Amino acid sequence: MSTRKGSPKISAFQDNFKNKKLHATFKLPDGDNFIRDFPCAFTETEEGLGDVNGRMFVTSGHLCFDANSMGKKIQKILPWTDIKALNTTNDEQLLVTVGDEQLAFPKFGARLEEAFECIKEQWEQPHDQEETENGGASEEADASADANDANAAAPAGEAETVNQASGEAEGEDHHDDHDEHHDEHDGEKKGSRRSRRRRKNRGKKGPHGDEHHDDHEAAAAHKKAEEEAALKKKQEEEEAEKKKKEDEEAAAQKKAEEEAEAERKRQQQEEEEAEKKRKEEEEAAAAQKKAEEEAEAERRRQQQQEEEEAAAAAQKKAEEEAEAERKRQEEEEAERKRKQAEAEAAEAERVEKERREAEEAERKRREEEAAEAERQRLEAERLEKERQEAEERAKREEEERLRLEEEERQRQAELERQQREAEEKLRQEEEARKAREEAERVRQEAEEQARREEEERLKREEEERKRREEEERARAEEAEKKRREEEETERKRVEEERVRAEEEAKRHEEEQQKRIEEEQRAKAEAEERARREEEERLAREAEEERRREEEERARAEEEQRVKAEAEERARKELEERLAHEEEERRKRDEAERARAEEEQRVKAEAEERERRAKEELLAREAEEERKRDEAERQRLEEEQLARQAAEERERREKEEQLVREAEERRKREEEEKERQEEEARVKQEQEERERREAELKREEAEEKQRRAEEQAELEAQKQAEIEAEAARAVERARQIEIEAEVVQVQVTTATTIATTATSTPRSVPSSTVEEAGGAWNTWVGVAAAVGVVAAAAVAAAIFMRNPRQK
């Protein structure tokens, strides 16, 4: 896997683990490797799900998102080549433009800037990577060319040195071909001249030809030694470069493991903080829901009590109205009977036309006046009593209305107080949430400061390491340069000596033919001596180099072994730690899922219970809390394979619960508003009805008073008519008395009965009335004999004393 610039390095085990999980989730191609992941959400607008919590994964070829919402799995796989733009907003959202569509990813929190930088870097990486590869290829080609030139130039000096000391020879054709190849590889002008000179002298005979032949053999031996030295030097350089790369890879891997460990610890801490925050939110939501349920129960109880009181008041009012109606009907019936009796009495009075004494008529008039006055007084008392009863009823109704208004005000005040308490509680919860957010921000700032300090420390260490490497490299280059200068000086000296020797040999060639053999022997001895010295020096250098190489190899092997052991231990520890963490997360998710299911069941049961089971519900909640605590203690020992799914499910359930609570709250508010409007309307209708009833009662009282006044006037008129009729009857009675002297005995008896009836008080018992009626019947029989008119006058006098009695 090629590590991108600026991306965090991870170990091979983490790479494989994340890749397997990522490829199993998104079905990515084999070459697409995991880079980084971030917790966030996705704003889903097609189905109206809102912000769906999930996780974003950054790979080398795609930007992926995975989430579960209300049983629906949401995945986004966006190739880097399809993304047109990346932006962030002030409300901590990442906007990704794919074609004409813009996708929103909120809820990054404090890691929005870090996530944006990482995603933007991966999005821009293909262009940077192409330029880097092109530039790297050019630099590599330049470095290869420089290395070839150095390798070609370095043996050139050694070739001239060995040319003076070598005494071995090989075939002539082989030497020529090797020289030509060496000239082509070296590209130097001097070598080419030697090759042309050697080819020119190849066909010559004599001592000069043999000398050139010896030179060819020495050059071949030198070239062979040169190639071996160049090969050896190249191997040394490759080994040094390989060792340097291994050291850099070991340092990079160690740094990547440290960064991965720090990242894992930070993620674990974030998960713990998120878990703690989620629990606090659940507890706050449960407490708020409980308070709302209690407030709702109290409101329903008060509403029921008010409805019962209103129904009782309405029933009482209906009974009072029915009682008043019944009394009014009884009074009307009594009035009707009284009028009928009065009509019958008037008819009887009209019959009384006969004899009556003026004194008795006068006494009757006075008694009638007193009786009328008493009747009017009783009627006035009855009307006053009715008026007082009406006023009492109106007063009671007003008191009942005032009591209902006072209760309504108290209920409104209680509702306002509960609302204020709920608002105060929400405000306190909001302040606590802000305090927690502030603490989280401070903690994150501290972590960020610690991370920056750690990065600065690592940077300083890296700079210090690079500085030491640069110093070591400079020292090595200085030593190499010094050695090359010495070799170059020695090569030039040998070359100058050889050139002088050749020129001297050429100059004295014909003069010193006899001394050639001696010179050749001396030369051979010198060459042999030089060769032996060179061989001894090369042997010593080779031995020293071999010893250094063996020590370096042993040290490298020891470091490699220690490094391999450390890597193996780190890998095993990381595998065990990751496996243990995965197991712990799986166990936590299973326990959390079981706890959520248990809470859901308890909640469903609690909703079906009546208010009288509140204590049992509290006991069960305490038991469930104890079970949750036990499950929380066992969470560290159980396995977890679906942590992300459980978190998504919990977040989804929480969102659904918040939506349901908001909907229920809205419905309750609408119902409360409708109820208040209905109560106001009922209250207004009741007040209107009471006002109309009061007006009707006032009009009825006025009507009754008017009827009573009219009745009094009618009775007064009737009384006047009765008095006139009585006067006329008295007058006729006197005439009849004169005419009826013949029946004095019967009239005296009738007079005695009339006198007895007249002297009797108004409260005559019914037996007396019956006796009077019997007397009247007797007198009718007598009147049949002595005169109808006199008997009628006596009967009229009896009935005028008791007009209400028959």
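# Notebook: a first walk through the model

I started by counting elements: the protein has 12 helices and 7 strands. I took these as DSSP runs numbered from the N terminus, with helices being H or I of at least four residues and strands being E of at least two. I keep in mind that this is a predicted model, where local features need pLDDT of at least 70, side-chain atom pairs count only at pLDDT 80 or more, and totals for chains, interfaces and linings use all residues. Residues are numbered from 1 along each chain as its sequence is written, and side-chain values use heavy atoms, with hydrogens and water left out.

**Entry 1: the whole chain**

I looked up how much of the protein is buried, and found 27% of its 806 residues. Buried here means under 20% relative accessible area, exposed means over 50%, and partly exposed is in between (1.4 Å probe, protein chains only). The exposed surface comes to about 52,800 Å², with carbon and sulfur atoms supplying 49% of it. That area is from the Shrake-Rupley method with a 1.4 Å probe; for residues, only the protein chains shown count as cover.

I also checked contacts, meaning heavy atoms within 4.5 Å. Among those with a separation of 6 or more, 74% are between residues 24 or more positions apart.

**Entry 2: the open sheet**

In what order do the strands of the open sheet lie? I read 1-2-3-4 for its 4 strands, with antiparallel pairing. Strands pair if DSSP finds at least two bridges between them. At the edges I find strand 1 (34–44) and strand 4 (72–79), each pairing on one side only. On average, neighbouring strands here are turned by 20° against each other, direction ignored.

Helix 9 (residues 643–739) packs on this sheet and touches strand 2 (50–59) and strand 3. Its direction makes about 155° with that of strand 2. For such angles, axes are lines fitted to C-alpha atoms, for helices over the stretch in contact, and values run from 0 to 180 degrees between N-to-C directions.

I then followed strand 3 (residues 62–69), which is joined to strand 4 by 8 bridges, the two running antiparallel. One detail I noted is that Phe65 has Lys76 in strand 4 as its bridge partner.

**Entry 3: the nonpolar cores**

I count as a nonpolar core a set of buried Ala, Val, Leu, Ile, Met, Phe, Trp, Tyr and Cys residues joined through side-chain atoms within 4.5 Å. The largest one has 27 residues, and Met56, Leu63, Leu94, Val96, Phe105 and Phe108 have the most contacts inside it. Helix 2 (112–165) and strands including strand 7 (101–105) each supply at least two of its residues. Helix 2 gives the largest share, 5 residues.

Phe105 touches Ala41, Phe42, Met56, Phe65, Glu92, Gln93, Leu94 and Val96, leaving aside neighbours within four places in sequence. Another core, of 6 residues, lies apart and includes Phe26, Leu28, Phe57 and Cys64.

**Entry 4: two glutamines**

Is Gln93 buried or exposed? I find Gln93 buried, because its relative accessible area is 18%. Gln93 sits in the loop between strand 5 (83–88) and strand 6 (94–98). Beyond four places in sequence, Gln93 touches Asn87, Thr88, Ala104, Phe105, Pro106 and Leu112.

Gln303, in helix 5 (residues 207–351), also counts as buried at 18% relative accessibility. Its C-alpha atom is 9.7 Å from that of Arg675, 372 residues apart along the chain.
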